[in-house]
Every structure is written in structure tokens, then in C-alpha cells.
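Here is a short briefing on a model, meant to be read beside the sequence and the structure. It goes by topic.

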Amino acid sequence: MASGAGDWSAEQIDDYETLISTTDVELLKRAWRNEKASPEILPFEEALVKRAKEQIQLMEETVDDFAESGHDPLIASLYQMDLDRAQFLLRSYLRVRLQKIEKFMFHIWKMDTYRNRLSIEEEKFTERCIRDIGKHLEETVLSKLPDNYQSVLKQSIISEEDDMVPEPQLDTFIVAKCERATRPLYLDGSRQSASFDSRNDHFQMVPGDLCILRYRPFQEELMSGNISLV
Amino acid sequence: MAGQSDPHISLFSAEEVEFMAEDELIEIVPNMRMDPLNFICGDFGPFLPQIASQVPLWLAVALKKRGKCAIRPPQWMSVENLTRVLEGERESQGAFQVLPFHYVEISRLLFDHAREDIPDMYMVRSLIEDIRDVRIHKVETSLEKFSGTSAVKIPNLSAMEVNIIRPFVGRALQAFYKHDNPEKIPDVDRASSAQTRAANNEPRRQLRR
Amino acid sequence: MHGRKAYELVKEFADGEKGHLKIFNNELFERVIEECNEHHNALQSLIRKMQEEGLEVQTARNAEHYGALIHHLSLIRNKRCLMAYVYNRAEIIRELAWKVGLLHELPGEIQEKFSDSEEQYFKDHSKSLKSYMSQLSLDVNVDMVPPKDPYIKVRVLEDLGSGIILSDKSANFARHSMHFLKRTDAEQYIARGLMEELTG
């Protein structure tokens with residue numbers, strides 16, 4: 001438990017030890033949890049996914065070898081289980097992202113921040129999704145409406161902004177676990193900051209803390225890995 | 001088409017919570033010899049008869065099912081500890097005792113697959129059920145303190161308890177927040193006023209340009 | 001009453017069983033489209049009237065202006081309802097694409113619920129998913145739930161003898177004997193009540 005604040009060297013050692021002892025499966029599981037629980041799409045874990053795919057492929061070969069060589073079926077079945085677990089995590093991680101893309105494709109596509117978070121394959125997928133649904137909506141609804149009302153993004157030409165585009169709700173509440181001490185955060189906005197802790201207006205988490213948080217003010221803490229979602 | 005938050009996209013199923021619990025480490029005592037296992041999720045073993053070894057719960061259960069080991073129940077699962085925890089839960093109204101995040105799933109998996117390895121199994125099981133009930137009741141009664149805030153600490157809540165309160169508390173807090181900050185969450189059916197629009201780039205809804 | 005038909009359309013979708021499609025309600029849908037065009041005609045004639053009276057359309061605030069505003073808002077409301085109807089159905093169609101679109105043709109009883117454009121959308125989206133997976137050389141539409149131990153312990157409930165050969169072993173499946181089998185091998189016997197799974 002890191003109770004003594006300011007002890008940087010101990011904290012750095014902790015960080016280092018966590019880093020070398022954390023397996024890719026553990027990292028993938030964290031990425032999967034975060035992606036499942038966050039309202040918006042998160043940056044694609046490119047290096048991690050690449051490593052996980054390689055390890056899975058190697059393990060597939062190992063398991064195949066076991067089967068061919070008539071290796072102890074007990075051990076073969078244990079390796080198969082390890083492989084199944086890693087594959088589930090990888091597939092589920094990628095799947096959650098695709099489902100978010102399907103839901104928020106127009107919004108992701110027009111915002112550089114979000115577009116930059118996609119893998120190359122996801123970017124192509126988003127483009128195709130937009131083309132497919134665009135064609136379908138055009139044919140079924142939009143082409144039958146008066147000229148000024150035919151936009152898929154806007155209610156009518158009078159709308160100055162895209163007011164027909166589903167967006168992720170960032171003021172949604174999430175459950176988070178603290179991995180590394182967060183910086184004290186001043187939660188702006190009226191009486192709210194005072195009610196959870198009357199002694200001061202700053203909210204800080206230490207490792208092991210479990211909290212229910214409004215997503216928006218804690219976005220950065222999530223991106224930097226100080227908190228993870230559960 | 002307005003972006004509504006979909007609770008289905010962010011919830012973990014019971015199977016998924018169990019899957020996460022299965023990665024928790026637990027001690028086994030093998031009854032056979034086996035080379036180290038170099039898994040994607042880490043290296044375990046070598047395994048020697050009567051020599052205790054730490055493995056993930058899923059592996060422990062798989063070996064147990066195949067008759068290759070005994071599982072040592074974790075310390076917190078002793079009758080003494082659980083009795084103390086139960087007393088503590090009953091005594092303090094607001095606070096929760098320290099238990100592993102996955103105590104419900106871990107104990108259920110052990111009850112299902114390693115009954116004979118748990119001393120006083122029936123006592124342990126009934127203690128855990130009691131603890132669960134007391135805690136869930138406390139979770140329900142302490143919900144009233146979740147009002148109008150952006151961050152609440154929920155110390156020692158377990159995965160299962162989090163899953164139970166998440167849909168309700170999440171929505172309630174969001175409703176409080178929306179109520180306190182009507183200008184922050186766009187509501188397309190509400191007539192726009194110049195002031196809030198300027199602050200938040202809300203979509204315009206007027207005939208003139 | 002303005003917007004009534006569009007409301008019925010959305011209500012019909014919302015009242016349906018979650019994740020299931022009813023037949024695309026073409027009649028009601030086309031009626032709402034018609035209404036949209038009627039609103040537009042009314043709106044245009046009001047604006048024409050204002051222009052004939054020499055009023056500045058952008059700034060004038062007379063009865064015609066507010067009439068036009070109401071037609072405009074009604075039209076937008078209808079549009080949102082039409083879009084919501086199609087879009088929400090499209091979400092179900094995408095789910096179907098995940099589940100079956102990559103493997104088989106859709107069963108006829110589902111397909112007949114689709115409009116022509118929806119049928120095409122189902123095919124297009126299935127192709128987009130397939131294309132993503134082939135670029136990645138990874139199927140993401142399998143392993144939908146966390147994996148379980150591929151082997152289970154079973155007890156034989158009826159004498160099955162030694163004639164059964166499973167994928168990785170053959171044994172004498174005498175009544176009451178216990179075995180450790182692949183889940184996929186055992187499932188058919190469990191389903192027929194010939195074996196039972198043992199836990200603990």
C-alpha cells in the first residue's frame with residue numbers, strides 16, 4: 001500500500017516491478033475491460049495486439065505439435081485451455097471495438113481524435129460501415145424527402161451542426177480501480193465537488209481504491225493508465 | 001438517433017466476471033510430477049508431488065478435475081476469518097470488510113470443484129452466503145449517499161457487488177448530474193436558449209439562419 | 001394531428017420484442033413520407049405568400065412565419081422518426097450479420113421481415129465484417145463467451161457398451177461408469193439423457 005506520498009523512488013521501483021511482471025495477457029485483459037466499460041472508443045493497442053497475435057500463433061503450433069506427436073493429452077489439454085483464454089480476450093477486445101464503431105461510426109469518422117485511435121483495419125471497416133448504412137438510409141428514407149432535408153448528418157440545411165449523429169455520452173458513470181496514485185483533481189461545477197469530501201475540493205485516488213466516477217473528468221487518468229475500468 | 005447510453009455495451013456478463021476471477025492465483029498441492037507449463041499467461045511449475053505451487057484458479061480447477069492435485073483454500077476462506085468478517089459486516093453500517101475483489105466467484109468455483117479440499121465446507125459456505133447477504137443489504141441501504149457527485153469511493157466492494165449496483169447507481173448519478181447541469185447534456189427535445197447554446201455549442205433549432 | 005403516424009411507426013418498433021424484427025411496415029412508412037412532402041408543400045406556399053406580400057422571409061414574424069415554422073418542425077420530427085425506425089432496425093440487422101451473416105444464408109422467416117434495401121444492407125454489412133476479418137486473418141465472430149474447460153466429467157446413465165468411438169478415445173461406457181470426455185463429444189449423449197455431467 002503506497003501510503004507515504006512523495007516517495008518517488010519506491011513508486012518507480014513499484015512501477016518497474018509491475019512492468020516486468022505483467023504479462024501480455026494481463027495487459028490485454030486490462031485493455032479489454034477498459035474498452036468494454038468506457039463509453040468512447042479508446043486508442044488501439046497496436047503493439048500489444050501484435051504481440052498477442054504472435055504468441056497465440058506460436059501456441060497454436062505448439063498445441064498442434066502435441067496432437068501430432070501423441071503427447072500427454074493432459075498437458076495438451078492444459079495448453080489448449082491457455083490458448084482458448086488468450087484467444088477469447090483478443091477476439092473479445094477487437095469485437096467490442098467494432099461494435100463501438102458500428103454504433104458511433106459517423107462521429108468517429110468526423111473527429112480526428114477518434115479516427116486516430118483506430119487501427120488501419122478498423123479505419124477501413126468504419127469507412128465501409130458508413131458507406132453501407134449511408135446507402136441504405138439514402139435509399140429508404142433520405143431520397144424520398146424534400147431537398148433541404150436529405151442529409152444523413154443534419155436534420156435540415158438550416159442546422160449548423162451535425163444534429164443527427166449519435167455520440168458517446170461522456171458524462172456517463174463508470175467504475176474504476178486505481179492502479180497508480182492519481183493527481184489531485186478539482187472537479188469543477190457547483191456544489192458537486194464539495195459533497196463527496198467536505199474537507200477539500202480535490203479528489204485523489206491511491207492504488208487499490210475503487211470508485212464510481214463520471215467518465216469525462218477522468219479520461220486522462222484512464223489514458224495514462226493511472227486508473228483502469230472494472 | 002440521439003446518442004443514448006446503452007447499458008448492454010458496458011456490462012460484464014456473469015461468465016465474464018467468472019473468467020476474470022479464474023486468473024487469481026491459488027495454491028495447489030500436486031500428486032504427480034509435471035514439467036513447467038510455459039503458458040501465454042505466464043510460466044507455472046515445475047510440479048512435484050506434495051510440493052505446493054501457485055497457479056491460476058482455472059488451472060487449479062482443471063488439474064483438480066483430472067485428479068492431479070488438491071487445492072489449498074486461501075487463508076481468507078477459513079472459518080475463523082469469515083466469522084470475523086461477518087461480525088465486522090454486521091457491526092459497521094457504512095463500511096465493508098476487506099475481502100478479495102472476486103471472493104464470490106472464487107468461493108463458488110472452489111465449492112463446485114474442490115469440495116473435499118475445504119475444511120468445514122458447509123460452515124464456510126454458509127458463512128460466505130451470510131456475508132454476501134449482509135453486504136448486498138448494506139449496498140442497497142447505502143445507495144442513498146450517492147447523490148449529486150462526480151466521484152464516490154466505494155472501498156472493498158467486490159466484483160459481483162459492483163455489477164449489481166452499476167446499472168442503477170450509474171443511471172442515478174447521471175440523472176443527478178444532468179439535473180444539476182442541464183446545459184451540459186444536450187437534450188434535443190428542449191427548446192434552446194441563446195445562453196446555453198453559446199456555452200456549449202448546442203445545435204440550433206431556429207428557422208432563420 | 002401532426003406527427004401522429006410517425007409516432008405510431010416508432011412505437012411499433014419500440015413495442016416489438018427486443019432484438020426481433022417485425023415485417024417492415026411499408027404502408028405506414030410511405031404514409032409518413034407522404035406527410036413529409038405535404039408539410040413541405042404547405043411550408044413553401046406559406047413562404048411564397050410572404051414573398052408575395054413583399055415581406056423579408058428571414059426576419060418577418062407574422063402568422064405565416066409561425067405556420068411555416070410548425071411545418072418545418074413537424075417535417076423534422078417525421079424525418080427523425082423515419083430515421084430512427086430504419087436505424088434501429090439496421091442495428092438488429094447488424095447483429096444478425098455478426099451471428100449468421102458470415103456463415104449462412106439467413107433463414108427465410110427472418111428474411112421476409114426485411115425490406116429490399118435491408119436485405120442488401122445485411123449482405124453489405126456481412127461483407128464489410130468479412131473483409132475486416134480477412135485483413136486481420138482472425139475471426140472475431142467466434143468465442144463469443146468466455147471459454148470453459150474443453151473436458152468434462154460424466155457418468156453414464158444407460159449401458160452404452162464399447163461400440164462408441166469418440167474423437168480422442170474409445171472406452172467401455174458401461175452403466176454408472178465415469179469418464180473424462182471432451183465436452184463436444186459428450187454433449188449429444190447428455191442431451192439424450194444417456195450421460196450426466198458431474199461437478200465437484
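Chain A holds 8 helices and 5 strands. The model is predicted, and the mean pLDDT of chain A is 87.

**Fold of chain A**
- Read from the N terminus, the elements of chain A follow the order α-α-α-α-α-α-β-β-α-β-β-α-β.
- Chain A has 230 residues, and 37% of them count as buried.
- Take the contacts in chain A with a separation of 6 or more: 66% of them join residues 24 or more positions apart.

**Confidence in chain A**
- In chain A, 85% of the residues reach a pLDDT of 70 or more.
- Helix H6 (residues 120-140) of chain A has the highest mean pLDDT among the elements of the chain, at 98.
- Helix H7 (residues 192-196) of chain A has the lowest, at 38.
- Residues 1-7 of chain A have pLDDT below 50. This stretch makes 5 contacts in the model beyond near neighbours in sequence.
- Residues 189-200 of chain A also stay under 50 in pLDDT. For them the model has 17 contacts beyond four places in sequence.

**Helix pair H4 and H6 in chain B**
- Helix H4 (residues 79-91) of chain B packs with helix H6 (residues 121-142) of chain B at an angle of about 20 degrees. Their axes are 10 Å apart.
- Angles under 35 degrees count as roughly parallel, so H4(B) is roughly parallel to H6(B).
- The crossing of H4(B) and H6(B) is left-handed.
- H4(B) contributes B:Val79, B:Leu82, B:Thr83, B:Val85, B:Leu86, B:Glu89 and B:Arg90 to the contact.
- H6(B) contributes B:Met123, B:Val124, B:Leu127, B:Ile128, B:Asp130, B:Ile131, B:Val134 and B:Arg135.
- By class, the contact of H4(B) with H6(B) has 10 nonpolar, 1 polar and 4 charged residues.

**Contact of chain B with chain C**
- Here 13 residues of chain B are in contact with 15 residues of chain C.
- Which elements of chain B give two or more residues to the side that touches chain C? They are helix H2 (14-21), helix H3 (57-65) and helix H5 (103-113) of chain B.
- H2(B) gives the most to this side of chain B, with 3 residues.
- The side of chain B that touches chain C comprises 8 charged, 4 nonpolar and 1 polar residues.

How values were computed: Residues numbered from 1 in each chain as written. Chains lettered and ligands numbered in written order. Predicted model: local features only at pLDDT ≥ 70, side-chain atom pairs only at ≥ 80, totals over all residues. Axes fitted to C-alpha atoms, helices over the stretch in contact; angles between N-to-C directions. Helix = DSSP H or I, 4+ residues; strand = E, 2+ residues; numbered from the N terminus. Parallel < 35°, antiparallel > 145°, perpendicular 65-115°, else oblique. Left-handed = near helix turned anticlockwise from the far one by under 90°. Contact = placed C-beta atoms within 7 Å. Nonpolar A, V, L, I, M, F, W, Y, C, P; charged D, E, K, R; others polar. Buried ≥ 20, exposed ≤ 12 C-beta atoms within 10 Å, placed from the backbone. pLDDT = per-residue confidence, 0-100.
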